[in-house]
Amino acid sequence: MTTTRISIGLFACLMLACVGCSEAPSIVKGSVTKGGEALQVSSQGDIQIHFIQEENGKMTGQTYMTSIDPSGHFEAEVPAGEYRISVQQLDPYPNVDKLKGQFSQAKTPIKQSIKGGDTIDIDLSTYAK
């Protein structure tokens, strides 16, 4: 009887662990440019990209962030799902956003469905007002 209870308990734990497996982050790669050119900052700046998860068109608060390198490329671990993508060109970091908040988390028009292992190339000039 005790062996059966332990077996059932272990089975339940394994099932719960497997449920979380489908949500595991995968690597998303890509680039961010403006007019085909990589965004530039001084040695005191940083360019950040934020993936803000959405459900039913509303932000959930779950955010994944990485920096963009000088050539405009990024790599991030992001679970599959629907996202708004925010970009900030902070120079000097963290005080001045050279994009003037146009692509901030609250205002960004960029939306993307991510399936995992995706390559995403974003040209900000296609979203400029």
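**Exercise 1.** Determine whether F74 is buried or exposed.

*Solution.* Buried means under 20% relative accessible area, exposed over 50%, and partly exposed in between (1.4 Å probe, protein chains only). F74 has 5% relative accessibility, so F74 counts as buried. This is a predicted model in which local features need pLDDT of at least 70 and side-chain atom pairs count only at pLDDT 80 or more, while totals for chains, interfaces and linings use all residues. Residues are numbered from 1 along each chain as its sequence is written, and side-chain values use heavy atoms, with hydrogens and water left out.

**Exercise 2.** Classify the aromatic pair of F51 and F74.

*Solution.* Rings of Phe, Tyr and Trp (its six-membered ring) pair if their centres lie within 6.5 Å; planes under 30 degrees apart count as stacked, over 60 as edge-to-face and the rest as tilted. The count comes to 3 aromatic pairs. For F51 and F74, the centres are 5.9 Å apart and the planes stand at 55°, a tilted pair. F51 belongs to strand 3 (residues 46-55) and F74 to strand 5 (residues 73-78), 23 residues apart; strands are DSSP runs (E, at least two residues), numbered from the N terminus.

**Exercise 3.** Classify the pair of Y64 and Y83.

*Solution.* The ring centres of Y64 and Y83 are 6.3 Å apart and the planes lie at 70°, so the pair is edge-to-face. Y64 lies in strand 4 (residues 58-67) and Y83 in strand 6, so the pair ties together parts 19 residues apart in sequence. Y64 is buried, at 18% relative accessible area, and Y83 is buried, at 0%. Ring pairs link F51, Y64, F74 and Y83 into a cluster.

Key: Helix = DSSP H or I, 4+ residues; strand = E, 2+ residues; numbered from the N terminus.
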